[in-house]
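Here is a short briefing for a first look at this model.

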Amino acid sequence: MHHVLLDRWSQGESPLHHRDPRAKIPVLALFLVALAITPVRDYLAIGVEAALLLTGILVSGLPFFGILLRAMAVLPFSVTFGLMSWIAGEPERAIALVAKSYLSTLAVLLIVGTTPLPRLLAGMEALGAPRLLVLVAQFLYRYLFVISEQAQHMRLAASCRQGPVDHHRPRFRAAAGALAVLFARSYLRAEGIHRAMMARAFTGRFLALDSLRFDFRDGLFLAGLTVFLGLVLTL
Amino acid sequence: MTPLIEVRDLHYHYDDGTQALEGVNFTLQAGETVALFGANGSGKTTFVLQLNGILRGEGSVTVCGLPVSKENLAAIRSKIGMVFQDADEQLFMPTVLEDVAFGPLNQGLDPEEAVAKAKVALEQAGLSHAANRAPYHLSAGEKRQVALAGVLAMQPEILVLDEPTTFLDPPAQRHLVDILRDLPQAKLIVTHNTRFAASLASRAVFFQKGKLVADGPVDEIVQRYDWTYSPLAADFRYSAQRRF
C-alpha cells in the first residue's frame with residue numbers, strides 16, 4: 001500500500017486546509033503573478049513574499065523543513081538558467097530567477113499539500129478549467145498508484161530472474177521490454193475501466209457530487225491576500 | 001413466471017475471429033444463485049458481458065423482460081449490477097463515497113439522493129467507515145466490498161460477480177459470503193472456487209470452449225467435470241513422498 005506524502009499532508013486540519021479551493025487557487029495564481037512581476041532588485045518585496053509563504057507553512061502545520069527540502073526539486077533547472085544569466089553578466093537576474101522559481105515551487109507545494117487532490121480538481125473545474133483536463137488529471141492521479149505498483153512487481157520479477165551476471169545492457173533491454181508491457185497493460189486496463197463505467201450506466205458525462213463550500217472565511221482569505229499582494233507590489 | 005434472464009442461441013466471436021460463445025441457452029429465475037464454472041477462456045466472462053450489452057452477439061438476450069438492445073441499455077444496466085474481477089478497474093473515483101454514488105448519479109438521481117443511496121449501500125457492504133477514504137488506501141477485501149456497494153447503490157435486481165474471490169484471503173472470502181447471503185438479489189457467480197460457489201449457489205452451469213455444456217446442482221457439476229482441487233492436492237502429496 002502506498003502513502004504519497006502530499007496526499008498525507010493534504011489530510012491535515014489547519015485553517016489553510018479548511019479553505020475552499022476556489023479561494024486558494026486564485027490566491028496561488030495571484031501570488032505567482034505578483035512574484036513574477038516583482039522587480040529583480042526589489043529585495044524587500046521578494047522578502048515579504050517569502051515571509052508570507054513561510055507564515056503559510058507555519059499556519060498549515062506541514063513539516064517546515066520537509067516542504068523547504070522538497071521545493072528544492074526545481075533548483076537543478078533554475079540554477080542552470082541562473083548560471084546562464086550569471087555568465088551573461090546579469091548576476092542580480094540570476095539570483096532573482098533562482099529565488100523566484102524556488103518560491104513559486106514552494107507556493108504550489110503549500111497549496112497542493114493543504115488541499116486533497118479531489119477537492120483541488122473540483123475547485124479547478126468550478127473556476128472554469130476544461131472538464132476533460134480535470135478528468136485526465138483525476139484518472140492519472142487514481143491510476144498512477146496502480147501502474148507504479150505493477151511496475152514495482154515487474155521490477156521485482158525481473159530482479160528475481162537476473163542471475164549473477166550484472167551487465168547494464170541486458171538490464172536496459174529488460175527495462176525497455178517492461179515499459180512496453182506496462183504500456184500494453186495500461187491500455188487493457190483503460191478498456192476494463194471503460195467497461196466498468198458502462199456497466200454502471202455511464203452515458204459519457206461525468207456527474208460529480210458537489211462537495212465544496214465557500215463561506216465568508218474563504219471570502220476574507222481571498223480578499224485579504226489579494227489586497228496584501230497588491231500592497232506589496234505598489235508600495 | 002418470466003425469468004429474470006433468458007438467453008437463447010447466443011453466438012459471439014471476437015474481432016480476430018475467435019469463436020467465444022456458441023449456441024448458449026440459459027435462464028435465471030428470481031431469487032436464484034447460479035455458479036458459472038469452466039476453464040480459463042471457456043467464455044464465462046464473455047457470456048456475462050453480453051447480459052448488460054457491453055459485448056453484443058447474435059441471438060436473443062432478455063433481461064427482466066427487456067431485450068438487450070441499444071434503446072434498453074440504460075434500463076438493463078440499472079437492473080444488472082456487475083462486480084468485475086479486478087476491483088481497481090471498478091473504483092475510479094477519488095473517494096469511496098463518490099465511487100459508490102457514481103451509478104445512482106448516472107441513473108438520474110440528484111446528488112443528495114445519490115449520497116443517501118451510496119451510504120445505505122456502503123452499510124450493506126459493511127464499509128460505512130471508509131466513505132471518505134481514497135480507493136487506493138483500501139485492502140483487496142475492502143476494494144471488493146466497495147465495488148459491491150457501487151452496484152448495490154443502483155438497486156439492481158440481478159448481481160453478476162466475476163471471480164469475486166480473486167486476491168481475497170480466506171477471512172475476506174468468508175466475509176464476502178456472509179454479505180452476499182443476506183442480499184435478496186438473484187446472483188450469477190463466475191468462479192473457479194467451488195467451495196465459495198457451493199456456499200452460495202444451488203445450481204451451476206459449465207462452459208467448455210464457448211458452449212454451455214451442463215446445467216444442474218453444484219455438487220453434481222463439480223463431480224461430473226472433476227472440478228475440484230483434490231486431485232491436484234493428491235498429486236502434490238505423491239510427488240512429495242517420492243522425493244523424500
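Two strands pair if DSSP finds at least two bridges between them. Helices (H or I, at least four residues) and strands (E, at least two) are DSSP runs, numbered from the N terminus. The model is predicted: local features need pLDDT of at least 70, side-chain atom pairs count only at pLDDT 80 or more, and totals for chains, interfaces and linings use all residues. Residues are numbered from 1 along each chain as its sequence is written, while chains are lettered from A and ligands numbered from 1 in the order in which they are written.

- Strand S1 (residues 5-13) of chain B runs antiparallel to S2(B), and 6 bridges join them.
- Within this pair, Val7(B) has Phe26(B) of S2(B) as its bridge partner.
- S1(B) and S2(B) form a hairpin, with 5 residues between the strands. In its turn, Gly17(B) has a positive phi of about 95°.
- S1(B) also runs antiparallel to S4(B), through 5 bridges. Here Glu6(B) has Thr62(B) in S4(B) as its bridge partner.
- Strand S4 (residues 58-63) of chain B is joined to S5(B) by 2 bridges, again antiparallel. Thr62(B) stands opposite Pro67(B) in S5(B).
- Together these give an open sheet of 4 strands, in the order S2-S1-S4-S5 (chain B), with antiparallel pairing.
- Strand S2 (19-28) and strand S5 (66-67) of chain B are at the edges; each has a single partner strand, so one side of each is left without a neighbour in the sheet.
- Strands of a sheet pair through backbone hydrogen bonds, either parallel or antiparallel.

**The six-stranded sheet of chain B**

- Another open sheet has 6 strands, in the order S6-S7-S8-S3-S9-S10 (chain B), and its pairing is mixed.
- Its edge strands are strand S6 (80-83) and strand S10 (211-217) of chain B, each pairing on one side only.
- From one strand to the next, the twist averages 20°. Axes are lines fitted to C-alpha atoms, for helices over the stretch in contact, and angles run from 0 to 180 degrees between N-to-C directions.
- Strand S9 (residues 203-208) of chain B pairs with S10(B) in the antiparallel sense, over 6 bridges. Val205(B) stands opposite Asp215(B) in S10(B).
- Helix H6 (residues 140-152) of chain B packs on the sheet and touches S6 and strand S7 (158-162) of chain B. The direction of H6(B) makes about 165° with that of S6(B).
- Two residues are in contact if their C-beta atoms, placed from the backbone, lie within 7 Å.

**Helix packing**

- In chain B, helix H4 (residues 96-106) and helix H5 (residues 111-124) pack at an angle of about 120°, with axes 8 Å apart. That makes H4(B) oblique to H5(B).
- Angles under 35 degrees count as roughly parallel, over 145 as roughly antiparallel, 65 to 115 as roughly perpendicular and the rest as oblique.
- The contact of H4(B) with H5(B) has 10 nonpolar, no polar and 2 charged residues. Among them are Leu97(B) and Val100(B) of H4(B), and Glu113(B) and Lys117(B) of H5(B).
- For these classes, Ala, Val, Leu, Ile, Met, Phe, Trp, Tyr, Cys and Pro count as nonpolar, Asp, Glu, Lys and Arg as charged, and the others, Gly among them, as polar.
- In chain A, helix H3 (residues 21-37) and helix H8 (residues 117-126) pack at about 75°, with axes 8 Å apart. H3(A) and H8(A) are therefore roughly perpendicular to each other.
- Pro21(A), Arg22(A) and Ile25(A) of H3(A) meet residues of H8(A) including Arg119(A) and Gly123(A). This contact of H3(A) with H8(A) has 6 nonpolar, 1 polar and 2 charged residues.

**Domains of chain A**

- Chain A is divided into domain 1 (5-125 + 212-234) and domain 2 (130-199). Domain bounds come from an automatic or database domain assignment.
- The centres of the two domains of chain A, taken over C-alpha atoms, are 33 Å apart.
- In chain A, 4 residues of domain 1 are in contact with 5 residues of domain 2.

**Where the chains meet**

- 29 residues of chain B are in contact with 23 residues of chain A.
- H4(B) gives the largest share of chain B's side, 6 residues.
- That side of chain B has 15 nonpolar, 9 polar and 5 charged residues.
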